[in-house]
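Keep the sequence and the 3D view open as you go.

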Amino acid sequence: MTNRDKLHTGDLYLPDDPAIEVEQKRYLDRLFDYNQTRPSQPAQQQKILRELFAELGKNCYIEPPFHANFGGHHVHFGDNVYANFNLTLVDDTHIYVGDHTMIGPNVTLATAGHPINAELRARNYQYNMPIHVGRNCWLGAGVIVLPGVTIGDNTVVGAGSVVTKDLPDNVVAVGDPCRVLRQVGEHDRKFYFKDRRIDPELFEK
């Protein structure tokens, strides 16, 4: 099996393989074009994202600047995904983000890792594990998600959290390392911020 074949197997491989680098730089050149677009050029932005991404749903938007190891080539976004400034996707293997998910500024989803063993790391060995983010999630500013993590549907991850392990559906999780703080529940149908009440009519629209 070649280094290129091992991108998606979880096996150790050498990423500084010319067969990988040529392909990767082609996507990065196109990503550079995306980051040079103006806010008044939404059609051009969408055109470039559709060229770059493995899958891009309807009404997705990523605020430039946007950074990705493979330019988003291994990224799968559902419908209505929004990402704020400085999204970093270490997409050496696949990243999946579900419909209606919101991503705050300076968030990193990193699929790539390196051996703890110093000898292998000095020789530049790497492995990749996919990331899955569910539907209707909110990743707060500065969240970091590590290789192989799955985040369940409707889950909120607090700002600055480092997600090292899977998170279930319908929870609020915070911290470094990130832990479940509580379930999403009835309280969240009544209040949107501290003592700020939600108008019940909003649920009827």
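**Exercise 1.** Describe the stretch covering residues 4-58.

*Solution.* Start with the secondary structure of this predicted model: over residues 4-58 the chain is 53% helix and 4% strand. Finally, turn to the annotation: an unreviewed UniProt entry lists residues 4-58 as "domain: Maltose/galactoside acetyltransferase".

**Exercise 2.** Work out which residues touch the most other members of the largest nonpolar core, and which elements supply it.

*Solution.* Begin with the membership: the core has 40 residues, and F66, F77 and I151 touch the most other members. At least two residues each come from α1 (18-35), α2 (42-52), β3 (66-68), β4 (75-77), β6 (87-90), β7 (95-97) and β12 (131-133). The largest share, four residues, belongs to α1.

Now zoom in on F77. Leaving out residues up to four places away in sequence, its contacts are F53, E55, L56, G57, C60, I62, L87, L89 and V97.

**Exercise 3.** Characterise the largest pocket and its lining.

*Solution.* First, the volume is about 670 Å³. Second, 19 residues line this pocket, and W138, V156, V172, D188 and Y192 are the closest to its centre. Third, assign the lining to elements: β18 (171-174), α4 (187-190) and β20 (191-193) give two or more residues, with β20 giving the most, three.

Conventions
Residues are numbered from 1 along each chain as its sequence is written. This is a predicted model: local features need pLDDT of at least 70, side-chain atom pairs count only at pLDDT 80 or more; totals for chains, interfaces and linings use all residues. Side-chain values use heavy atoms; hydrogens and water are left out. A nonpolar core is a set of buried Ala, Val, Leu, Ile, Met, Phe, Trp, Tyr and Cys residues joined through side-chain atoms within 4.5 Å. Buried means under 20% relative accessible area, exposed over 50%, partly exposed in between (1.4 Å probe, protein chains only). Contact means heavy atoms within 4.5 Å. UniProt positions are given in the numbering used here, feature names are shortened, and annotations may be inferred rather than shown by experiment. On a 1 Å grid over the protein atoms alone, a cavity is a set of points where a 1.4 Å probe fits but cannot get out, and a pocket is an open set with protein on both sides within 12 Å along at least five of seven lines; lining residues have an atom within 4 Å of a point. Grid points are joined across faces, edges and corners, and a volume is the space filled by probe spheres set on the points. Ala, Val, Leu, Ile, Met, Phe, Trp, Tyr, Cys and Pro count as nonpolar, Asp, Glu, Lys and Arg as charged, and the others, Gly among them, as polar.
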